Amino acid sequence: MTAQAGEAERLISTLRQGGLAAQGKHLAPAAIDEAPLERGSSDLIIFCSYDAGVSLDRVLRQQRALQEDVPLIVIADHDSDRSEMIQALRAGARDVIERDDTEHLRFVVARELGDLRQRRGARRLMQRLQQYEERQRALTEATSDPIAFVQEGIHVFANPAYLALFGYSSLDDLQAAPFLDLIGSAQRRDVRDLLRTAGIAAGADSASLNVTCARADATRFEASLLATRSEMDGEPCLRISVRPAAAPVAADESIGTTDKMAHLPGLNALMRELRDRIGEDRVARKPFAMFFIRPKGAASLLANLGLWRGLSTLAAFGATLSGMIEDRGFLAQVSDEGFGLIVDGLDEPGAETLTKSIRAQARMPLPGKPKTTEDPQCDVGYIVLSGRTPDPVDALDAAFRKATQGSISPDRQATGMQKPTSLASRNKQVAEDGDEAMATRIEEAIARDRLMLVYQPIVSLLGDNQENYSVLVRLLDEHESLLEAKDFIGPSIRLGLIERIDKWAIRQAIRIIGDKRRAGHNLSFFINLAEDTFRNPGVIIWICDCLREFDVRGNWLTFLFQEELVLGNLASLSKLVEGLKKIKCRVAVNRFGGSNRPEMLLQGLPLDYVLLLPEFAQGLADDKDKQRRLLLHTNLAREFNVKSVVTGVEDARALTILWTAGVDYVQGNFLQRPSPTLELQS
């Protein structure tokens, strides 16, 4: 913090020259108290102690107000008061640096940012551990196995089955008796050693003993005791599982082995059924629906119930589904995560009706407190397929993702099913008025070369010397007027013409960039690919042929895929992206930021750029919540080494916020509207 904006810019420039991707926010002295820093907006505070306009007390007050881990670095002049610097260190400053020692500054900033990432990672792991403990406690309460957690010889938790086995009415009553009081006197020494973890061999996580146990009424029984290293509320303890030697078979064990499961086909059989319905041309032989049915808590079912009970529970659930479906569809258990179901002849309303029926009637045979019949015990996702379809793998993945998406986004229906976003769904919508006439105009435009490329610059906020342009398509009508994409892309999609438009645009763009590059311009094009185009397995060969024809390098081009279409096509897109990377092309996701789990997309594809939704830039200067979400998305992209582009920029005030947020590039009509001519630097 400094009163001089020029000094702040000098420090930021110094850090950037040292290879740090630094973005700064300067607060004037008058604004420090009126406009405090927002939580999550800063990773580091740099205080210039030689600036008389800002006091150390005010800076420390700002840091404390954040109530989060934000390191403070003090930059001092040569003649700075030593006592004040000692005070800063005692108050929590991470280091004090001399004013002109740029190398020391870069080193300290890099160190503190690295340490900050480590601390944040540790906190995330701790949160995950706490969530795991909560899930473990909930499952322990539900299981019929007697289980308790013991710490220093005292019960800290016990499930109802454990309390019932030993004859105690509540955990408070059980805690009044030390754990050793439940063990016969002859074996207490061995159990005492076990409680001190001496009985668990080095490198092992568990140990077992055969013991005589004593109930609250003094009756005794023989049992097998299994002790496993665990944690409860962040403290080490032992997880004690007790199995009576003559215990009756539990209700969930009476289900039997996986007899029912053995009668259900597996993943390979389901894929054969899918391929029978979807030909190599990716056209459905007849309409059908692909479902994925996932029991609640499926991911941890085997780990928490054990192999026998877990498989038996899944088998019983599969038997319930089989009884519901009977001969109406093909049911298979595709994994321990759940079941795949194919039903022929279903449309969207029919699939939704079946989904509601499954969620209402399919019950999990888990012990413990019964849930209400209104409480669904499984998640169901589906995709309706007819006409042009995705690859069978993508179809199954789409149903699986819809079943595993936990939260409901604003664009979802009340049932939790996501509205269809794939072209496979949109292609089958009833053609709108005027579609046929527009199709004729499009075909004539392609045949008579009446399509036109227009270009909109993508401007770097960090001094990139490359000239980046987004390539867009316009249609020249009979009156020599340009129709924008919104006027003809919809009919093109519905009538199956979009791939021809894409190929025309790609070939033209490659030809033009080849001419401009040979003329000495450092040019790069961003080109969008529609779903029909990137689903075509031959598109990568076609792009290679165009590059070879016009002697163009792949790294001059970036191909864009819309986020809403990526999530339903990860299998086919992964192959295409792999091919594009081999020819050095760059890859980007357009309209980024609309999904609930953007990190999954960044993990799934090796992206170079993300182009954020235009809505992020609209009214940005006056919307604090939108600024926060923008910062989260840009920071997420930076963690994956992906550059961010904010589109739809319409006013100057947004630029300052975008620069502060660390956005790499901006695009919008405020900078320049799409133009048929390239305004290149000489």
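**Figure 1. Contacts across the whole chain.** Among contacts between residues at least 6 apart in sequence, 65% join residues at least 24 apart; here, a contact means heavy atoms within 4.5 Å. The chain has 24 helices and 21 strands. Helices (H or I, at least four residues) and strands (E, at least two) are DSSP runs, numbered from the N terminus. Of the 682 residues in the chain, 47% are buried. Buried means under 20% relative accessible area, exposed means over 50%, and partly exposed is in between (1.4 Å probe, protein chains only). Please keep in mind that this is a predicted model, in which local features need pLDDT of at least 70, side-chain atom pairs count only at pLDDT 80 or more, and totals for chains, interfaces and linings use all residues. Residues are numbered from 1 along each chain as its sequence is written, and side-chain values use heavy atoms, with hydrogens and water left out.

**Figure 2. Helix α19 beside helix α21.** Let us start with a pair of helices. Helix α19 (residues 539-549) packs against helix α21 (residues 570-582) at an angle of about 20°, and their axes are 10 Å apart. That angle makes α19 roughly parallel to α21. Angles under 35 degrees count as roughly parallel, over 145 as roughly antiparallel, 65 to 115 as roughly perpendicular and the rest as oblique. The axes are lines fitted to C-alpha atoms, for helices over the stretch in contact, and angles run from 0 to 180 degrees between N-to-C directions. From α19, Val-539, Ile-540 and Ile-543 meet Leu-576, Gly-579 and Leu-580 of α21. Sorted by class, the contact of α19 with α21 has 5 nonpolar residues, 1 polar residue and no charged ones. Ala, Val, Leu, Ile, Met, Phe, Trp, Tyr, Cys and Pro count as nonpolar, Asp, Glu, Lys and Arg as charged, and the others, Gly among them, as polar.

**Figure 3. Helix α10 crossing helix α13.** Helix α10 (residues 267-277) and helix α13 (residues 392-404) pack at an angle of about 115°, with their axes 9 Å apart. The crossing of α10 and α13 is right-handed. A crossing is right-handed if the near helix is turned clockwise from the far one by less than a right angle, and left-handed if anticlockwise. On the α10 side, look for Leu-267, Leu-270, Met-271, Leu-274 and Arg-275; on the α13 side, look for Pro-392, Val-393 and Leu-396. This contact of α10 with α13 is made of 7 nonpolar residues, no polar ones and 1 charged one.

Figure 4. Arg-106 is found in helix α5 (residues 102-142). With 18% relative accessibility, Arg-106 counts as buried. The side chain of Arg-106 makes a polar contact with the side chain of Glu-103 (3.0 Å). A polar contact is a pair of N or O atoms within 3.5 Å; within protein, one must be able to donate a hydrogen and the other to accept it, and residues adjacent in sequence count only if both atoms are side-chain atoms. Leaving aside neighbours within four places in sequence, Arg-106 is in contact with Thr-14, Leu-15, Gln-17, Gly-18 and Leu-20. Gln-130 also has its place in helix α5, and with a relative accessible area of 42% Gln-130 is partly exposed. The C-alpha atoms of Gln-130 and Glu-231 are separated by 9.7 Å, while the two residues are 101 residues apart along the chain.

Figure 5. Most residues other than glycine have a negative phi. Glu-152 has a positive phi of about 50° although it is not a glycine. Glu-152 is found in the loop between β4 (147-151) and β5 (154-158), and is exposed, with a relative accessible area of 80%. Ala-218, not a glycine, has a positive phi of about 80°. Ala-218 lies in the loop between β6 (206-214) and β7 (220-232) and, at 57% relative accessibility, counts as exposed.

Figure 6. Asp-551 is found in the loop between α19 and β17 (557-562). Its relative accessible area of 58% makes Asp-551 exposed. Asp-551 and Gly-514 are 37 residues apart in sequence and 6.8 Å apart in space, C-alpha to C-alpha.
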